[in-house]
Amino acid sequence: MNHTNLWATTYHQILQNHQNPTEVKFWLDALKWGKAEHLGPGRVRVELSAPNAFYANFINTTFKGEIESAVAQVLGESCEVSIEVAQATPVDEVALAKMA
């Protein structure tokens, strides 16, 4: 399964199992799929990036377990999720400079 299909299938799995799909869409739509790599037999790590630290912290606290469970169900392997903050784009850097 390629990375795009894995994320789409995982996303759909989370939406089906969550009590508030609107909340899931709001938070997960902001994530970018990085890569999935096998760590060994029956283990995979998925890297995602969030637009900023607030999103990354919220996703780690609120949805990381659901993402790991959904990937594990889709792939049949245990999953470790890593959520990083995306690199700031030049526009973001200008906006941050103005706020300082």
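## A stop at Ser49

Select Ser49 and display its surroundings: leaving aside its neighbours within four places in sequence, Ser49 is in contact with Ala30, Leu31, Lys32, Glu84 and Ala86. Bear in mind throughout that this is a predicted model. Ser49 is found in strand β2, and at 18% relative accessibility it counts as buried, because the cut-off for that class is under 20%.

## The sheet

Now widen the selection to the strands, which form an open sheet of three in the order β1-β2-β3, with mixed pairing. The edge strands, each of which pairs on one side only, are β1 (32-40) and β3 (78-85). Neighbouring strands of this sheet are turned against each other by 20° on average, with direction ignored. If you select β1 together with β2 (residues 43-50), you will find them paired in the antiparallel sense over seven bridges, and Gly40 stands opposite Arg43 in β2.

## Salt bridges around Arg45

Next, show the side chain of Arg45, which at 23% relative accessibility counts as partly exposed. How many salt bridges does a search of the whole structure find? The search finds three, and they can be visited in turn from this residue.

- Glu37 meets Arg45 in a salt bridge at 2.5 Å, N to O, and Glu37 is partly exposed at 24% relative accessibility.
- Glu47 forms a salt bridge with Arg45 in which the closest N and O atoms are 3.9 Å apart; Glu47 is partly exposed, with a relative accessible area of 26%.
- Glu80 also forms a salt bridge with Arg45, the closest N and O atoms being 3.8 Å apart. This pair links distant parts of the chain, with Arg45 in strand β2 and Glu80 in strand β3, 35 residues apart, and Glu80 counts as partly exposed at 35% relative accessibility.

Through shared partners, these salt bridges join Glu37, Arg45, Glu47 and Glu80 into one network.

## The helices

Turn now to helix α3 (residues 53-62), which lies across β2 and β3 and runs at about 160° to β3. Helix α4 (residues 64-75) packs on the sheet as well, touching β2 and β3, and its direction makes about 135° with that of β3.

To see the contact, select Glu23, Phe26, Trp27 and Leu28 of α2 with Phe54, Tyr55, Phe58 and Ile59 of α3. The residues of this contact divide into seven nonpolar, no polar and one charged.

Terms used:
Residues are numbered from 1 along each chain as its sequence is written. This is a predicted model: local features need pLDDT of at least 70, side-chain atom pairs count only at pLDDT 80 or more; totals for chains, interfaces and linings use all residues. Side-chain values use heavy atoms; hydrogens and water are left out. Two strands pair if DSSP finds at least two bridges between them. Helices (H or I, at least four residues) and strands (E, at least two) are DSSP runs, numbered from the N terminus. Axes are lines fitted to C-alpha atoms, for helices over the stretch in contact, and angles run from 0 to 180 degrees between N-to-C directions. Contact means heavy atoms within 4.5 Å. Buried means under 20% relative accessible area, exposed over 50%, partly exposed in between (1.4 Å probe, protein chains only). Ala, Val, Leu, Ile, Met, Phe, Trp, Tyr, Cys and Pro count as nonpolar, Asp, Glu, Lys and Arg as charged, and the others, Gly among them, as polar. A salt bridge is a side-chain nitrogen of Lys or Arg within 4 Å of a carboxyl oxygen of Asp or Glu.
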